[in-house]
2 protein chains.
Amino acid sequence: MAEDAWSSYKEVAKANRDFYGAFERRDLAAMLEAWLPEERVKCVHPGWALLQGIDQVMDSWEAIFRNTESIRFELVDVTIEVLGDVAWVTNVEQIVAGDFRSAAPATNLFLRRGSGWKMLLHHASPFPVRD
Amino acid sequence: MAEDAWSSYKEVAKANRDFYGAFERRDLAAMLEAWLPEERVKCVHPGWALLQGIDQVMDSWEAIFRNTESIRFELVDVTIEVLGDVAWVTNVEQIVAGDFRSAAPATNLFLRRGSGWKMLLHHASPFPVRD
């Protein structure tokens with residue numbers, strides 16, 4: 001991997017971790033910072049309909065943060081690909097929220113901006129965990 | 001939109017329709033043709049775990065086609081974006097399979113190849129339909 005590609009890869013990895021960090025801290029300002037503040041962004045939470053536009057997306061985070069006391073993610077099977085100014089990440093979110101354990105495969109798309117990589121799309125879906 | 005961009009947009013729209021066409025016809029050869037035949041492809045069916053690699057992905061289609069007598073998709077809320085050699089589509093799959101009605105928000109990623117746009121990632125998730 002060329003040095004530039006490796007540098008982009010690390011930046012995207014950090015943007016992805018920052019997104020989950022904002023989610024764990026239930027930090028709306030950091031969550032807004034993680035996203036592209038545009039109408040074209042898309043978000044699907046596990047079992048939810050497709051949300052479109054930064055307003056709908058941020059409203060959903062506000063509702064989720066309000067209804068979440070604590071949540072921790074362990075990310076497994078993380079793969080990152082970068083092509084020019086777009087990057088896509090897939091990972092499985094191993095979720096611990098109080099007594100609740102779950103896993104969600106997720107697709108995250110990012111676009112490169114002057115200010116860094118911004119989330120363009122987050123799609124997470126429910127997957128039944130076998131104990 | 002410049003003529004080249006419009007041309008790419010139409011090609012991606014066709015690749016997306018061809019993917020759902022292969023699904024409706026339960027045509028494994030056409031489904032294989034729709035995908036990038038590589039280890040890095042990813043697929044999440046509604047309620048399934050993350051599948052990786054063309055072998056796992058095609059095995060899943062074989063199993064799904066074997067267990068599906070008839071299926072029709074109406075695609076709504078379709079958005080398509082192209083940036084260089086990568087394109088992403090989101091749509092809601094309105095599904096009719098016999099007496100079964102469902103809807104699934106889906107994210108589809110495509111890469112441009114000499115032979116056309118090939119699917120790199122398909123992520124569809126369950127969404128409860130209100131009748």
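1. Within helix H1 of chain A, which spans residues 3-25, Asp18(A) and Lys14(A) lie 4 residues apart, about one turn of the helix. Their side chains form a salt bridge, with an N to O distance of 2.7 Å. Asp18(A) is partly exposed, its relative accessible area being 39%, and Lys14(A), at 44%, is likewise classed as partly exposed. As with everything that follows, this pair is described from a predicted model.

2. Another salt bridge in chain A pairs Arg112(A) with Asp85(A), at 2.8 Å from N to O. Arg112(A) belongs to strand E5 (residues 100-113), whereas Asp85(A) sits in the loop between strand E3 (72-83) and strand E4 (86-97); the pair therefore ties together parts of chain A that are 27 residues apart in sequence. Arg112(A) is partly exposed at 30% relative accessibility, and Asp85(A) is partly exposed at 40%.

3. In chain B, attention may be drawn to Lys118(B), which forms a salt bridge with Glu33(B); the closest N and O atoms are 3.3 Å apart. Lys118(B) is in strand E6 (residues 116-124) and Glu33(B) in helix H2 (residues 28-34), so this contact ties together parts of chain B that are 85 residues apart in sequence.

4. Over all chains, a search of the whole structure finds 14 salt bridges, among them the pairs of Asp18(A) with Lys14(A), Arg112(A) with Asp85(A) and Lys118(B) with Glu33(B).

5. Charge also gathers on the surface of chain A. Glu39(A), Asp55(A), Asp59(A) and Glu62(A) make up a patch of negative charge there. One of these residues, Asp59(A), is placed in helix H3, which covers residues 54-66 of chain A.

6. How many disulfides does the structure hold? The count over all chains is 0. The cysteines Cys43(A) and Cys43(B) illustrate the reason. For the sulfur of Cys43(A), the closest cysteine sulfur is that of Cys43(B), and the 20 Å between them is too far for a bond; a disulfide would require the two sulfur atoms to be within 2.5 Å. Seen from the other chain, the closest cysteine sulfur to that of Cys43(B) is in Cys43(A), again at 20 Å and too far for a bond. Cys43(A) is buried, at 0% relative accessibility, and Cys43(B) is buried with a relative accessible area of 0%.

7. Most residues other than glycine have a negative phi. Arg26(B), however, has a positive phi, near 50°, without being a glycine. Arg26(B) is located in the loop between helix H1 (3-25) and H2 of chain B and is partly exposed, at 35% relative accessibility. Asp77(B), also not a glycine, has a positive phi of about 50°. Its setting is strand E3 (residues 72-83) of chain B, and Asp77(B) is exposed, with a relative accessible area of 54%.

8. How far apart in space are Asn91(B) and Arg113(B), C-alpha to C-alpha? The distance is 23 Å, for a separation of 22 residues in sequence. Asn91(B) is part of strand E4 (residues 86-97) of chain B, and at 0% relative accessibility Asn91(B) is counted as buried.

9. A further separation in chain B concerns Gln56(B) and Asp85(B). These residues are 29 residues apart in sequence, and 25 Å lies between their C-alpha atoms. Gln56(B) is in helix H3 (residues 54-66) of chain B and is partly exposed, with a relative accessibility of 42%.

Definitions and conventions: Residues numbered from 1 in each chain as written. Chains lettered and ligands numbered in written order. Predicted model: local features only at pLDDT ≥ 70, side-chain atom pairs only at ≥ 80, totals over all residues. Heavy atoms only, no water. Buried < 20%, exposed > 50% of the residue type's maximum accessible area, 1.4 Å probe, protein only. Patch = residues over 30% accessible without salt bridge, like charges linked within 9 Å, V, L, I, M, F, W, Y side chains within 5 Å. Areas by Shrake-Rupley, 256 points an atom, 1.4 Å probe, with all protein chains shown as cover. Salt bridge = Lys/Arg side-chain N within 4 Å of Asp/Glu carboxyl O. Lys, Arg positive; Asp, Glu negative; His and termini not counted. Charge placed at Lys NZ, Arg CZ, Asp CG, Glu CD. Helix = DSSP H or I, 4+ residues; strand = E, 2+ residues; numbered from the N terminus.
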